[in-house]
Amino acid sequence: MPSTTSQLWDRSASPLTIVLLTFMWVLLWGDLSWGNLLAGFLLAVAVTWALPVPRGPRRRLIIRPIAFARLVGLFIWDVIVAAFQIVTVILTGRTPREAIIRVPTRAHSDGFLTATAGFTALVPGSIVIDAHRLTGTLYVHVFDVGDAPDALEEAHERVLIQEERILRALASAEELMDAGFRPGGSMKAGRLTVQEMAEHRERVLAKRRLHRKEDAR
């Protein structure tokens, strides 16, 4: 019979975690090759086994190919643009306008909070200095927000757009609705209306009540 400790900690590999860790490894090395993919995959498997996480609800891995390709392509573009902006600041001698922004994310998932923090931190000029798990809040240091009047709002919005791209690529329909988005991989799907969100929450509560009744039997 397994011990209490082994019941609380899960050494099995999460497919979503392995995909994200492998992707991060390739991005950090900047070399998309079979050898680098294999090394990242093996390292991701080793990390998820050696550093078990508290056992939580299982989820099926979902990858929407078009949304995932958009996530990767636009992320690479963001990296290029951010790097160019930093070089421009250095070469012109302009004093950057630094800022620390507070961004409440919308996904109700530790995995997606981690993914959003990781993608944000990999963009040059952005450093995630803190992540509050209970509220889903990220605190991000931005190297240069610019001088526009709405510069802080734009920096805030870039993090939220990154989060939506991740959700559109990897989240289930239920997880998208929990975050306030209409299901689907397209960014044009938009957000739920107030009425749609209220109806979704009512369905979620009804499911929970049903599950409690079944567990009580």
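What follows is a short walk through salt bridges first, then a helix pair.

Keep in mind that this is a predicted model. A search of the whole structure turns up 7 salt bridges, and three of them are picked out below.

**The bridge between D78 and R165**

- D78 pairs with R165 in a salt bridge, and their closest N and O atoms sit 2.9 Å apart.
- D78 belongs to helix 4 (residues 65-92) and R165 to helix 6 (residues 151-170), so this pair ties together parts that are 87 residues apart in sequence.
- D78 has 24% relative accessibility, so it counts as partly exposed.
- R165, at 11% relative accessibility, counts as buried, because the cut-off for buried is under 20%.

**The bridge between D144 and R94**

- The side chains of D144 and R94 also meet in a salt bridge, at 2.6 Å from N to O.
- This pair joins distant parts of the chain, 50 residues apart: D144 is in the loop between strand 5 (137-142) and helix 6, while R94 is in the loop between helix 4 and strand 3 (99-104).
- With a relative accessible area of 34%, R94 is partly exposed.

**The bridge between R182 and E196**

- R182 forms a salt bridge with E196, with 3.1 Å between the closest N and O atoms.
- R182 sits in the loop between helix 7 (173-178) and helix 8 (194-216), and E196 is in helix 8, so to speak a link between distant parts of the chain that are 14 residues apart.
- R182 is partly exposed, its relative accessible area being 29%.
- E196 counts as partly exposed too, at 27% relative accessibility.

**How helix 4 and helix 6 pack**

- Which way do helix 4 and helix 6 run relative to each other, roughly parallel or roughly antiparallel? Their axes come within 7 Å and cross at roughly 155°. Angles over 145 degrees count as roughly antiparallel, and helix 4 and helix 6 are therefore roughly antiparallel to each other.
- The crossing of helix 4 and helix 6 is left-handed.
- On the helix 4 side, the contact is made by A67, F68, R70, L71, L74, F75 and D78. They meet Q162, R165, I166, R168, A169 and L170 in helix 6.
- Sorted by type, the residues of this contact are 8 nonpolar, 1 polar and 4 charged.

Key. Residues are numbered from 1 along each chain as its sequence is written. This is a predicted model: local features need pLDDT of at least 70, side-chain atom pairs count only at pLDDT 80 or more; totals for chains, interfaces and linings use all residues. Side-chain values use heavy atoms; hydrogens and water are left out. A salt bridge is a side-chain nitrogen of Lys or Arg within 4 Å of a carboxyl oxygen of Asp or Glu. Helices (H or I, at least four residues) and strands (E, at least two) are DSSP runs, numbered from the N terminus. Buried means under 20% relative accessible area, exposed over 50%, partly exposed in between (1.4 Å probe, protein chains only). Axes are lines fitted to C-alpha atoms, for helices over the stretch in contact, and angles run from 0 to 180 degrees between N-to-C directions. Angles under 35 degrees count as roughly parallel, over 145 as roughly antiparallel, 65 to 115 as roughly perpendicular and the rest as oblique. A crossing is left-handed if the near helix is turned anticlockwise from the far one by less than a right angle, and right-handed if clockwise. Contact means heavy atoms within 4.5 Å. Ala, Val, Leu, Ile, Met, Phe, Trp, Tyr, Cys and Pro count as nonpolar, Asp, Glu, Lys and Arg as charged, and the others, Gly among them, as polar.
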